[in-house]
Amino acid sequence: MQTLRASNLNWISIPDLTAPMRVRAKIRHRHEPAWATLEPTETPGEVLATFDEPQRAVTPGQSAVFYDGDEVVGGGWIV
């Protein structure tokens, strides 16, 4: 998959996502973080992550964690 939507977000290093942001997204515990652009959606409390390269096994119900370098930006649950 090239995109995922995440909800039930918990922001760590930013107050909220108000504009597109480049991040590395991790979608499974042993998954290597992949480059993506994170964008707010029209649905409050939801974001869209568009990966540079398609990702395997993007699964609703699993967590997604977003990184800026070594710093956790935030995360949520894949819907």
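Predicted model: local features only at pLDDT ≥ 70, side-chain atom pairs only at ≥ 80, totals over all residues.
View 1. Gln-55 touches Met-1, Ile-27, His-31 and Ala-34, leaving out residues up to four places away in sequence. Its side chain and that of His-31 are joined by a polar contact of 2.9 Å. Gln-55 sits in the loop between strand E4 and strand E5 (63–68). With a relative accessibility of 13%, under the 20% limit, Gln-55 counts as buried.

**View 2. Contacts of Phe-51.** Neighbours within four places in sequence set aside, Phe-51 is in contact with Met-1, Gln-2, Thr-3, Leu-4, Ala-25, Ile-27, Ala-34, Trp-35 and Ala-36. Strand E4, residues 46–51, includes Phe-51.

**View 3. The largest nonpolar core.** This core has 20 residues, and those touching the most other members are Leu-4, Trp-11, Leu-17, Leu-38, Val-47, Phe-51 and Phe-66. At least two core residues come from each of E1, strand E2 (21–26), strand E3 (34–40), E4, E5 and E6. Nonpolar side chains tend to be buried together in soluble globular proteins.

**View 4. Pairing of strands E1 and E4.** Strand E1 (residues 3–11) is antiparallel to strand E4 (residues 46–51), and five bridges connect the two. Within this pair, Arg-5 lies opposite Leu-48 of E4.

**View 5. Pairing of strands E1 and E6.** E1 also runs antiparallel to strand E6 (residues 71–78), to which four bridges join it. Asn-10 has Gly-75 as its bridge partner in E6.

Terms used: Residues numbered from 1 in each chain as written. Heavy atoms only, no water. Pairing = 2+ DSSP bridges. Buried < 20%, exposed > 50% of the residue type's maximum accessible area, 1.4 Å probe, protein only. Polar contact = N/O pair within 3.5 Å; in protein donor to acceptor, adjacent residues only side chain to side chain. Contact = heavy atoms within 4.5 Å. Core = buried A, V, L, I, M, F, W, Y, C linked by side-chain atoms within 4.5 Å.
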